[in-house]
Amino acid sequence: MKLRRFALPSRPNARDTNPCTTAQRRRWPTTTAPSTSTAPPTPPGWNVSPANSPTCRGKEWWRVRSAPHLVVVDTDGGLDDALALLFLARHPAVRLLGVGSVHGNVPAPAAAANALRVLELAGDDHTPVALGADAPLKQDVHFRHPDDPLGHLVGPPTRQPAGESAAEQLVRLTRAHPGEVSVLALGPMTNLAHALDVDPDLPRLLRAVVAMGGVFTGPGNITEHAESNVHHDPDAAARICTAGFDLTLVGLDVTRQVTPTTSWLRALAADHSMPWAAYAQLLADTPREQRPPLPLHDPLAAAVLLEPALVTCRSGVVHVDTTQDNTRGRTRRDEEATAGPAARAAVTVDVPASLRLLLSGLLAGQ
Ligand SMILES: [Ca+2]
């Protein structure tokens, strides 16, 4: 994809607006956070996320409660992408600045159409949706759901994608709100890598990146070693994990645990304005042992973006396997590394609290 560089206004020092110091953003305290939430306690000696740290927690909460959380979503057009996007679009604490589409579940144009349609379902007729990368950086494109089941379910949108690329849109929005924008990456990280080409200062200008991606314990969900989003562009993931973003990876280690309960599905099915209501009802009427687990991968990442205390994290330098071996796409976390930017990886999750938060957001205003 051809990207153009363009003149951008001068920026203030984004670090000055961030409640965490540079040192805190790179290596979090190793003390246990005070038990002020329903999240599982952090074992002694475990690293904690900055939002859980005694120093930053109060300020982070002040920011969330007193001003809209500015969010740009990157989506590859699956059903769990749709739930995550609807959750954010309906959440009163969120101001969606833009959405970018990317290859992955479906082709990027289909992902853009799906995002536009989901925004319409949420009553949002203004948030721009930009077309993003239609192929990975260095490998052939592969679609997990080439038949676009979500598109068939929700139908075509009435709006069209914006006139700029997803990478250009992300850079523009970040420059307009330095230090305030968070990115929720729900697909391969190709758009973020392209945006980094357009503006190498992006890690300093973004508030945070929360990405659904990776697996550190257990098998992958598309190969034995790789999680799907990383597998679809390991080179982009490797670049983003070491670029110095304030990065949290919400991977299979936690998302596999968050599956809908029967009562959760019944509540979702009661929102008849959504085209998946009948499907949710069908699942709710199916005995739990007979229905697919349907882990809420992308919705959990969206929930963690707004409520970091839902998970505990461990920090370290994250390596992504970019070899051509069968381990391509595998993610490893080196907690002893002293060189390179650290990222956080979610390791435990409060499942009931996550399901409660998601349902309250998905049904907001109903
Ligand atoms: Ca996705």
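This note sets out numbered points on the predicted model shown above.

1. Basis of the model. Residue numbers start from 1 along each chain as its sequence is written. The structure is a predicted model, in which local features need pLDDT of at least 70 and side-chain atom pairs count only at pLDDT 80 or more, while totals for chains, interfaces and linings use all residues.

2. Overall composition. The protein contains 16 helices and 9 strands; helices (H or I, at least four residues) and strands (E, at least two) are DSSP runs, numbered from the N terminus. Of its 366 residues, 52% count as buried. A residue is buried if 20 or more other C-beta atoms lie within 10 Å of its own, exposed if 12 or fewer, and partly exposed in between, with C-beta atoms placed from the backbone. Among contacts with a separation of 6 or more, 82% join residues 24 or more positions apart; two residues are in contact if their C-beta atoms, placed from the backbone, lie within 7 Å.

3. The sheet. The 9 strands of an open sheet follow the order S3-S2-S1-S4-S5-S6-S9-S7-S8, with mixed pairing. Two strands pair if DSSP finds at least two bridges between them. Strand S3 (129–130) and strand S8 (331–334) are the edge strands, each pairing on one side only. Helix H7 (residues 166–176) packs on this sheet and touches S1, strand S2 (94–101), S3 and strand S4 (181–185). The direction of H7 makes about 155° with that of S2; axes are lines fitted to C-alpha atoms, for helices over the stretch in contact, and angles run from 0 to 180 degrees between N-to-C directions. Helix H11 (residues 234–241) lies across S6, strand S7 (311–320) and S9, and runs at about 115° to S7.

4. All 5 of the 5 residues of strand S5 (residues 208–212) are buried. In a regular strand the side chains alternate between the two faces of the sheet. On one side of S5 lie Ala-208, Val-210 and Met-212, and on the other Val-209 and Ala-211, so that both faces are covered. S5 runs parallel to S4, joined by 4 bridges, and Val-183 stands opposite Val-209. S5 also runs parallel to S6, again through 4 bridges, with Ala-211 opposite Leu-249. Leu-249 has Ala-345 of S9 as a bridge partner, and strands S6 (residues 247–250) and S9 (residues 343–349) pair in the parallel sense over 2 bridges.

5. The nonpolar core. The largest nonpolar core has 102 residues; such a core is a set of buried Ala, Val, Leu, Ile, Met, Phe, Trp, Tyr and Cys residues joined through C-beta atoms within 7 Å. Helix H5 (residues 108–121) gives this core its largest share, 10 residues. The members that touch the most others are Leu-86, Leu-88, Leu-184, Val-250, Ala-301, Val-304 and Ala-346. Beyond its neighbours within four places in sequence, Val-304 contacts Val-210, Thr-248, Val-250, Leu-310, Val-311 and Ala-346.

6. Helix H8. Of the 9 residues in helix H8 (residues 190–198), 7 are buried, so the helix is largely enclosed by the rest of the structure. These buried residues are Thr-190, Asn-191, Leu-192, Ala-193, His-194, Ala-195 and Leu-196. They pack against S1, S2, H7, S4, helix H9 (202–205) and H11.

7. Helices H13 and H14. The axes of helix H13 (residues 262–269) and H14 come within 8 Å and cross at roughly 155°. H13 is therefore roughly antiparallel to H14; angles under 35 degrees count as roughly parallel, over 145 as roughly antiparallel, 65 to 115 as roughly perpendicular and the rest as oblique. Residues Thr-262, Leu-265, Arg-266, Leu-268 and Ala-269 of H13 meet Ala-277, Ala-280, Gln-281, Leu-283 and Ala-284 of H14.

8. Loop residues. Most residues other than glycine have a negative phi. Asp-148, in the loop between S3 and helix H6 (149–154), has a positive phi near 50°. Asp-148 is partly exposed because it has 19 C-beta neighbours inside 10 Å. Leu-294, in the loop between helix H14 (277–284) and helix H15 (297–306), also has a positive phi near 50°. With 14 C-beta neighbours inside 10 Å, Leu-294 counts as partly exposed.
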